[in-house]
Amino acid sequence: MIKVQRVGEGEFEVVVRDGNGESRPHVTMSDAKGKQLTAGKHTPERCIEAAFRFLLDREPKESILERFDISVISRYFPEFEQELPRYLTRL
């Protein structure tokens with residue numbers, strides 16, 4: 001289960017829960033970056049949820065950084081921005 005809650009301007013708390021417990025990463029994302037990633041078609045919360053689904057397909061929740069900006073994902077996974085639209089439509 002992934003739950004995304006806005007906690008400030010461009011700041012989000014994400015709860016990732018599975019059978020082994022939960023993690024609560026803190027993610028930042030500017031409005032401009034959110035619009036770029038979603039072509040302006042999805043809410044920031046949906047964008048972050050899709051990004052976490054992308055991440056969880058590649059690593060366990062325990063490996064996800066506790067605090068990061070959404071733009072960091074592309075440093076670790078260069079295919080992120082190309083793959084994200086598929087995750088946005090799967091939600």
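Predicted model: local features only at pLDDT ≥ 70, side-chain atom pairs only at ≥ 80, totals over all residues.
A residue is called buried when its relative accessible area is under 20%, exposed when that area is over 50%, and partly exposed in between. On this scale K61 counts as buried, because its relative accessibility is 4%. K61 forms a salt bridge with E62, with the closest N and O atoms 2.5 Å apart.

R53 is partly exposed, at 33% relative accessibility. Salt bridges also link E13, R17, E22 and R24 in a network.

Attention now turns to the nonpolar interior. In soluble globular proteins, nonpolar side chains tend to be buried together. The largest nonpolar core of this model has 24 residues, and those with the most contacts inside it are V14, I48, F52, I70, I73, F80 and L84. At least two core residues come from each of β1 (2–8), β2 (11–18), α2 (44–56) and α4 (80–90). Helix α2 supplies the largest share, seven residues.

V14, one of the core residues with the most contacts, is found in strand β2. This residue is buried, as its relative accessible area is 0%. When neighbours within four places in sequence are left aside, V14 is in contact with I2, K3, V4, S23, R24, P25, V27, I48 and F52. Two of these partners, I48 and F52, are themselves among the core residues with the most contacts. From V14 to R90, the C-alpha to C-alpha distance is 19 Å, across a sequence separation of 76 residues.

The strand that holds V14 is paired with β1 in the antiparallel sense, over six bridges. Within this pairing, K3 has V15 of β2 as its bridge partner. The two strands form a hairpin with two residues between them, and G10, in the turn, has a positive phi of about 75°.

Helix α1 has two sides that can be told apart by burial. K33, G34, L37 and T38 are buried in this helix. Seen down the axis of α1, the buried residues fall within an arc of 115°, so they line one face of the helix. A32 and K35, on the other side, are exposed. The buried residues of α1 pack against α2 and α4. K33, within α1 (residues 31–38), counts as buried because its relative accessibility is 17%, which is under the 20% limit. Not counting residues up to four places away in sequence, K33 touches I70, S71 and E81. After α1 comes A39, whose phi is positive, near 55°.

Aromatic contacts complete the picture. A pair of aromatic rings is described by the distance of the centres and the angle of the planes. The structure holds four aromatic pairs. One of them, formed by F54 and F80, is edge-to-face, with 5.1 Å from centre to centre and 65° between the planes. This pair links distant parts of the chain, with F54 in helix α2 and F80 in helix α4, 26 residues apart. F54 counts as buried because its relative accessibility is 0%, and F80, with a relative accessible area of 1%, is buried too. F54 also pairs with Y87 in an edge-to-face arrangement, at 5.7 Å centre to centre and 80° between the planes. Here F54 in helix α2 is linked to Y87 in helix α4, 33 residues apart. Y87, like F54, is buried. Ring pairs link F54, F77, F80 and Y87 into a cluster.

Notes: Residues numbered from 1 in each chain as written. Heavy atoms only, no water. Core = buried A, V, L, I, M, F, W, Y, C linked by side-chain atoms within 4.5 Å. Buried < 20%, exposed > 50% of the residue type's maximum accessible area, 1.4 Å probe, protein only. Helix = DSSP H or I, 4+ residues; strand = E, 2+ residues; numbered from the N terminus. Contact = heavy atoms within 4.5 Å. Pairing = 2+ DSSP bridges. Arc of directions from axis to C-beta. Phe/Tyr/Trp six-rings, centres within 6.5 Å; stacked < 30°, edge-to-face > 60°. Salt bridge = Lys/Arg side-chain N within 4 Å of Asp/Glu carboxyl O.
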